[in-house]
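This briefing concerns the strands and salt bridges of one protein structure. Please keep the sequence and the model in view while reading.

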Amino acid sequence: MANKQLEGQIFSHNGTNYLVVDDNDWEGSMLKVKSVDTRRQISELPLAVVLEGIAQKRMRNT
């Protein structure tokens with residue numbers, strides 16, 4: 001999966017829901033994400049963590 005395809009995906013990590021934002025270096029190993037809560041804090045997470053969170057969400061939805 002190309003990293004650009006992750007834009008707009010929502011996933012959970014350590015009890016917090018995150019949205020993958022569009023302001024990313026899509027070739028990088030870290031992605032900018034925004035917490036989906038009242039803080040709406042932007043932070044960076046490793047690509048592997050983002051992919052794992054998205055995969056877990058998909059498994060729960062099947």
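**Strand pairing**

In S3, Lys34 is the bridge partner of Leu19. The model is predicted: local features need pLDDT of at least 70, side-chain atom pairs count only at pLDDT 80 or more, and totals for chains, interfaces and linings use all residues. Residues are numbered from 1 along each chain as its sequence is written, and side-chain values use heavy atoms, with hydrogens and water left out.

- Strands are DSSP runs of E of at least two residues, numbered from the N terminus, and two of them pair if DSSP finds at least two bridges between them.
- Strand S2 (residues 16-20) pairs with S3 (residues 30-35) in the antiparallel sense over 3 bridges.
- S1 (residues 10-13) also runs antiparallel to S2, joined by 4 bridges; Ile10 stands opposite Leu19 there.
- The hairpin of S1 and S2 has 2 residues between its strands, and Asn14 takes a positive phi near 50°.

**Two faces of S2**

- In a regular strand the side chains alternate between the two faces of the sheet.
- In S2, Thr16, Tyr18 and Val20 point to one face and are buried (under 20% relative accessible area; exposed is over 50%, partly exposed in between, with a 1.4 Å probe and protein chains only).

**Salt bridges**

- The whole structure holds 3 salt bridges (a side-chain nitrogen of Lys or Arg within 4 Å of a carboxyl oxygen of Asp or Glu).
- Lys4 meets Glu7 at 2.5 Å, N to O; Lys4 is partly exposed at 47%, as is Glu7 at 31%.
- Asp23 meets Lys32 at 3.3 Å, and Lys32 is partly exposed at 27%.
- Arg39 meets Asp37 at 3.1 Å; Arg39 is exposed at 52%, whereas Asp37 is partly exposed at 28%.
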